[in-house]
Amino acid sequence: DKAFHGTIPESIFGLTKLEELAICHNPNITGVLSEKIGQLVNLKKLAMDSNSLTGMIPTTIFQLTNLEKVELQSNFFEGPIPFTIGESTSLKDLRLGNNNLEGTIPQALFGLSYLERIDIKRNFALSGSIHESVSDLANLQILDVSNCDLYGPLPTLSKILTPTYIDFSENFFSQSIPRNFLGSANSSSFIKVDLKSNLLTGVVPSSLSRLDYVDLNIIENYFVHIPESICSKSGWMDGLVGEFGCNAIACSRKSQNKLGRQLDSITPCEECNTACYVGGRSCGVGNSCPNLIFTETPTFLPTQAPTMFPTMFPTVTLTNFPSTNPTKITSSPTQRFSSTPSSFPTVSPQTEQPVATASPSIFPTDISSSYPTGETKTGSPTIAPSAAIDLRNIISNPPTTSRIDTISMPSYTPADLDLKNVIPRSNTFSISVINTCSLFTICAAKVL
């Protein structure tokens, strides 16, 4: 460790009888990893983590059919995960976290039936959704895709038998937790599930109550309810649910503390009528949240329909940077929601989250595709009021020299607000929330 420097000599790849190659924790080892590594046909373990290797991961690594363990985390690898990964049929342990990988996660990865661990966290340009076929990996124990740029629904993981650590945190996953999430997991095993900081909505499914020992983090999402069947699971959250009920998982609606959950008797969840989602961490200024009615098979029925939605659309400010005196281009939509009962979500008794009755889309009506310096464009989008707000088209085809500086939100942020799509995906931008007024009320977000 830390004793070597320079590049990895290609001559080492001529040692074809090698079964294990470990060159780790040497930050002074630099350069690219040669495709000649594919000559090590007997290799079972490759460990080159915590160096300063650059370039793309060689495609030939995953053509080594005896390879069981790959540790390339904490380097500076870039580019996509190699398309050849589906050929590594003996692979059990894959660690590619803390690099600069980009593109999408190859679906072929989820066809490697021996996989026990997938760790690709902290690759901030790794985007796209996770294919449901990951749920077929019955032997998978650790899945960590935290701090990437992933979106879409959560996979069900319904066929995984002995999971121990599942981390989807710090992404843009949306919709609700699937009802059959971890449906085949051993009920008496300890499982840590981290869903923090996504765009997840609705009700935590009561089906999770069949699991006896779970550490579940759902803070910084848009959940509105945790069923009583979970609140009675005394083994959850290291036993804290037995002491503080569901507040040990997340403070209930209309309550908050600085952590979003109760860890001891000194810091209880305190009343806050403006905390509209579970896990409130601050008490903002604004109107009280609407009352909701829940049952053990939860329904989602607003009793004060007009207060269910914001009265104003988000304000988006786009700043153009080509000149020394940048101009501001503003889209300030002011259309109000209809308060008629037909404009609100309806729910079938069998579901656990709102079901929108109209297509969840927002469409610009007068926003230019280009923004010359010194010229201002405004536009007012229209919306189907019962749909989730989706900002993906509020700005169309912004120039590459522009960025969004701020996104100002009203008091109530709709549950399915998709900030990830403010800029169309054809552009290489991502959004980072940099300030919140109160829980899930976004005061400032920046396109990076």
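Trainee: Which bond do Cys-251 and Cys-269 form, and how many Å apart are their sulfur atoms?

Mentor: A disulfide is a covalent bond between the sulfur atoms of two cysteines, and for this analysis the term is used when two cysteine sulfur atoms lie within 2.5 Å. Cys-251 and Cys-269 form such a disulfide, with their sulfur atoms 2.0 Å apart. The angle about the S-S bond is -75 degrees, and the link of Cys-251 and Cys-269 is left-handed. This pair links distant parts of the chain, as Cys-251 sits in the loop between α2 (240-244) and β17 (255-256), while Cys-269 sits in the loop between β17 and β18 (270-271), 18 residues apart.

Trainee: What should I know about the model and its numbering before I go on?

Mentor: This is a predicted model, in which local features need pLDDT of at least 70 and side-chain atom pairs count only at pLDDT 80 or more, whereas totals for chains, interfaces and linings use all residues. Residues are numbered from 1 along each chain as its sequence is written, and side-chain values use heavy atoms, with hydrogens and water left out.

Trainee: Are Cys-251 and Cys-269 buried or exposed?

Mentor: Such a label rests on relative accessible area: buried means under 20%, exposed means over 50%, and partly exposed lies in between, with a 1.4 Å probe and protein chains only. Both Cys-251 and Cys-269 are buried.

Trainee: How many disulfides does the structure hold?

Mentor: The structure holds four disulfides. One of them joins Cys-272 to Cys-283, with 2.1 Å from S to S. Because the torsion about the S-S bond of Cys-272 and Cys-283 is about 100 degrees, this disulfide is right-handed. Its two cysteines, Cys-272 and Cys-283, both lie in the loop between β18 and β19 (292-293), 11 residues apart, and the pair links distant parts of the chain. Cys-272 is buried, with a relative accessible area of 1%, whereas Cys-283 is partly exposed, with a relative accessible area of 44%.

Trainee: Which cysteine is joined to Cys-276 by a disulfide?

Mentor: Cys-276 is joined to Cys-289, with 2.0 Å from S to S. With -95 degrees about the S-S bond, the link of Cys-276 and Cys-289 is left-handed. Cys-276 and Cys-289 are each in the loop between β18 and β19, 13 residues apart, and both are buried.

Trainee: How many aromatic pairs does a search of the whole structure find?

Mentor: A pair of aromatic rings is described by the distance of the centres and the angle of the planes. Rings of Phe, Tyr and Trp (its six-membered ring) pair if their centres lie within 6.5 Å, and planes under 30 degrees apart count as stacked, over 60 as edge-to-face and the rest as tilted. The search of the whole structure finds two aromatic pairs. Phe-168 and Phe-173 form an edge-to-face pair, 5.3 Å centre to centre with 80 degrees between the planes, and both Phe-168 and Phe-173 are buried. The rings of Tyr-222 and Tyr-277 have their centres 5.3 Å apart and their planes at 80 degrees, so this pair is edge-to-face. Tyr-222 lies in strand β16 (residues 222-225) and Tyr-277 in the loop between β18 and β19, so the pair ties together parts that are 55 residues apart in sequence. Tyr-222 and Tyr-277 are both buried.

Trainee: Which side chain of opposite charge is nearest to Asp-194?

Mentor: Lys and Arg count as positive and Asp and Glu as negative, with His and the chain ends not counted, and a salt bridge is a side-chain nitrogen of Lys or Arg within 4 Å of a carboxyl oxygen of Asp or Glu. Asp-194, found in strand β13 (residues 190-194), is buried yet has no salt bridge, and the nearest side chain of opposite charge, Lys-192, is 5.1 Å away.

Trainee: Which residues are in contact with Asp-194, leaving aside its neighbours within four places in sequence?

Mentor: Contact means heavy atoms within 4.5 Å. Leaving aside those neighbours, Asp-194 is in contact with Ile-166, Asp-167, Phe-168, Ser-169 and Asn-217. Asn-217 has its place in strand β15 (residues 213-217).

Definitions and conventions:
Helices (H or I, at least four residues) and strands (E, at least two) are DSSP runs, numbered from the N terminus.
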